[in-house]
Amino acid sequence: MSLVRYETDGNIAIVTIDSPPVNCLSHGVRCGLVDALEQADIDPSIQAVVLIGSGKAFSAGADITELGSPLAFAEPTFYGTVLGMLDAMSKPVVAAVSGVALGGGLELALGCNYRIASPGTKLGLPEIKLGFMPGAGGTQRLPRAVGLECALNMTLSGDPVRAEDFAGTELVREIAVGDLRAASIEFARTIAADRPLPRLRDLKVEHPNAAALLQFARGVVKSNRRALPGAMPIIDAIDAAVNKKFDQGMQTELALFTALAESTEAKALRHSFFAERNAEKIDDLPAGTVPREIRTAAVIGAGTMGGGIAMCFADAGIPVKILEVQQEALDRGLAHIRSNYEASFKRGKLSEEQFNQRLDLIQTTLSYQEIGDADIVVEAVFEELSVKEKVFTQLDAVMKAGAILATNTSTLDVNQIAAFTKRPQDVVGTHFFSPANIMKLLEVVRGAKTAPDVLASVMKLAKSLRKTTVVAGVCDGFIGNRMMEEFLRQALFLLDEGALPSQIDKALEKFGMAMGPFRVADVIGNDVLWSVRKRRYIERPEWICSKVADRLCERGWFGQKTGRGWYLYEPGVRVPQTDPEVARLIEEHSASLGLVRRKISDEEIVGRCIYAMINEGAALLEEGIAQRASDIDVVYLSGYGFPARRGGPMFYADTVGLGNVVRAMRRYARNPNGDASFWEPATLLARLAAEGKAFTK
Ligand code: NAD
């Protein structure tokens, strides 16, 4: 079946892209377009063409499933052949745009002579977000359609605009209220005889001070350490649109596009895009597993996490009841939720109606009887096994058959928690991150007995909560925190040997981490990390960790909440201040160990912290805790501020080369003041390195 339909209505040809769900420009579509355009051009009875998409989209652009395959660039190419044919048509082509015209979809519309759009249509060039830049004239035609400033905004943000906001401009000639197809045919009749044919390529990009604006844009990108790799090439291409002839500009765009597509940073972004999609898949879920219906929810505990989780449900339109042991705790929790929503309302992110709806969806109770009919209950009480036991025993007694019992524990054994009930198959871990209503990541922890349909249900629910989900097996810390522990352990050893918190934080922030480990620790609370270490000292006496953080905690310097931690937090000063007393404490600690402090390079700091994390990631893969290396990357990109342009720790290791990672680890193992056993490569890492293989390919 052809993916492009050709029909006529009198002397108008209607070319319909019919490739659900979003009319991507796959090879088949391109073939169909070329045939249809040729047919319309040859037929003397045809005076104008309407190009339209079937269903809900004009076109969402390139077919990403073709990416990396020869089909992506097979003839007829989009860039050369399809757009070349549009340029050479002897009759006007009207793009009738509805739903979305994104990426190549918008470039296709821009290649037509006119654009008519339905209200609500989204037009955009999101390539930058995927590690690309527009590569089929987007950077050349868009500035000619919307002006320099708007084109820079659209291409550098990747965010779409609404067609209505551009009605009457070169981008959208008219908004068609009602039947788009009929309106476009009507429009095509009125302009069929107009000559010359209007083409964006024939316009100039007018701007009173283009050079200054381009320079400003370059300056902004240069000073932004998290700028995406496509940003500078996009500005260079738009510069060419301003200063070169159209065809020369197109060549510049193509050269920049090709170089970018080959860059490691762009590959990293594409990796993360596919990694996120893959993470939704659970490899061994039996085919045909039907998720359970989740229409109502309950949350146990109205603290930091419970409140945030309840907001996630309310934000998704799911009614939720929060249960606590005491009314004061409920009142406090609800007041916090209300003030969060009030802040969103004041910032214009929620309308008054939405604000009221959200609060109406959240109810509170002190009685287990009142939550028994919820489809899912998420427990978020204190992190103590005895408390979890009390809660799960009660849940087992009151929850209806088939209800999903989820725990938000971050360190306890989900299997042990499941064993507190007579229905371990219904128990699952849902590890939200703080603040739960904002952080994208959700680790779904699969217990030994968790039923497949429970897993499937939680994965589906996570989607409606707009979370990025990764499945993890049961272990202490799951994927994210288990790797983070090794990262932090190295950071503490580095303090003992000669570095200071600010140097370590700066080095890792320069590498691209959103925040260095000591700033993070001060946010989480050093007491929280201390309690984990204290547990380790008892459970694993052989476990080696610097005691320097314990010295800090013994002084009550827990971080932001106590006004001092690794840094000083003075009232009214937003930036953490370095603290000479902390430096003294660290130096004294080194002396107590008999260590002569040395100057440590930023390179060593980054290598030791990041490779420690990667080695643990390899162990997680080996143990089957993580399903695939790319899942680990998703955890780190969406929950731990790992730089997007590095693609996550496992992809980053691949770009360094696993052989190089192992060699560096051996070098660190020879450090006379270090713990050589720490640097024993995980079996999987050692094997892949020896075989010259990678984690993610
Ligand atoms: P919190 O101390 O802020 O809140 C816990 C709440 O549970 C309190 O309001 C308390 O009154 C209530 N509670 C205690 N026992 C109860 C019981 N028997 N029945 C009903 N309510 C009870 O703690 P939190 O930070 O929200 O953590 C909750 C859970 O989430 C813990 O398991 C924690 O490990 C996990 N977690 C926390 C974070 C985080 O960053 N805070 C992140 C991920 C997971």
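Here are a few questions and answers about this predicted model. Residues are numbered from 1 along each chain as its sequence is written. Local features need pLDDT of at least 70, side-chain atom pairs count only at pLDDT 80 or more, and totals for chains, interfaces and linings use all residues, while side-chain values use heavy atoms, leaving out hydrogens and water.

Q: Which residue forms a salt bridge with Arg-141?
A: A salt bridge is a side-chain nitrogen of Lys or Arg within 4 Å of a carboxyl oxygen of Asp or Glu. For Arg-141, the closest N and O atoms of the pair are 3.3 Å apart. The partner is Asp-87.

Q: How many residues apart are Arg-141 and Asp-87?
A: Helices are DSSP runs of H or I with at least four residues, strands are runs of E with at least two, and both are numbered from the N terminus. Arg-141 sits in helix α4 (residues 138-146) and Asp-87 in helix α2 (residues 78-88). The pair links distant parts of the chain, 54 residues apart.

Q: Where does Pro-76 lie?
A: Most peptide bonds are trans. The one from Glu-75 to Pro-76 is cis, with omega near -5°. Pro-76 is found in the loop between β3 (48-53) and α2.

Q: Where is the place of Pro-196?
A: The peptide bond from Arg-195 to Pro-196 is cis, with omega near -5°. Pro-196 has its place in the loop between α6 (180-191) and α7 (210-223).

Q: What is the phi of Arg-466?
A: Most residues other than glycine have a negative phi. Arg-466 lies in the loop between α16 (452-464) and β17 (468-473). Although not a glycine, Arg-466 has a positive phi of about 60°.
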